[in-house]
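Here is a short briefing to read beside the model. It covers a surface patch, the salt bridges and the domain layout.

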Amino acid sequence: LEDLQLPNLEGVLNIFKVVHQSVEAAAKKTLETARRAIYITPTSFLELISSFKKVLGMRRNAVGTLRNRLQKGLDALGQAAYAVANMENELKAKQPVLEETKTQVAEMMVVITEDKAKAAVTKASCQDVEAEAKEQADQATAIKEDAERDLAEALPALNVAEKALKALKLASLQEIRALGKPPDGVKLTLEAVCIMFQVKPVKKSDPNNP
């Protein structure tokens, strides 16, 4: 039993002695009353010691497990307390920065509100400009459509004039040039041609009316 390192080995041995003697007395009484012999030998005493050692080992293991769990819990609590203390210190150290950041955020919100109001005004102005531009674009489209209609109406006459111009012969021009006083129809036609080709008129004296 010395290897068990018991704090009170002598007391344990006395308990073993009492237990062994009690068992012997019970065996003797059983023999007297029930006529049944129960033999208590030194081997029984050794088995008692062996059982005690086994139970003691199991209990020590259980207590050791509980002690380890308790120690881990205490270590975790200590680490948590240390972490909380550090966080509190960091929070105190950052408190001025947090206050400054809070002030900056408040100022920024004021600026954002003002910018938002300005943006609303700018948006309204842009919408007015857009509406005006759309109106001008609609007017330009209408003018373009009118011009295209006028051009479509004038193209047939232009084609006829081009065909007539291609059919015009040099002899006809010389004949017109030889006329001292061209007819009104010829004068009107030549005036239109001069206007089309941007030819300025040249003033000459009328030979019939000097």
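L155 counts as partly exposed, because its relative accessibility is 36% (buried is under 20% relative accessible area, exposed over 50%, partly exposed in between, with a 1.4 Å probe and protein chains only). L155 is found in helix α2 (helices are DSSP runs of H or I, at least four residues, numbered from the N terminus). The model is predicted: local features need pLDDT of at least 70, side-chain atom pairs count only at pLDDT 80 or more, and totals for chains, interfaces and linings use all residues. Residues are numbered from 1 along each chain as its sequence is written, and side-chain values use heavy atoms, leaving out hydrogens and water.

- Two elements, α2 (42-167) and α4 (184-196), each give two or more residues.
- Helix α2 gives the largest share, three residues.

**Salt bridges**
- The count is two (a side-chain nitrogen of Lys or Arg within 4 Å of a carboxyl oxygen of Asp or Glu).
- D138 pairs with K134 at 3.4 Å, N to O.
- D138 and K134 are four residues apart in helix α2, so about one helical turn separates them.
- D138 is partly exposed at 42%, while K134 is exposed at 53%.
- R149 pairs with D146, with the closest N and O atoms 1.9 Å apart.
- R149 and D146 lie three residues apart in helix α2, about one turn.
- R149, at 46%, is partly exposed, and D146, at 35%, is partly exposed.

**Domains**
- The protein is divided into domain 1 (2-105) and domain 2 (171-198), with bounds from an automatic or database domain assignment.
- Their centres, taken over C-alpha atoms, are 136 Å apart.
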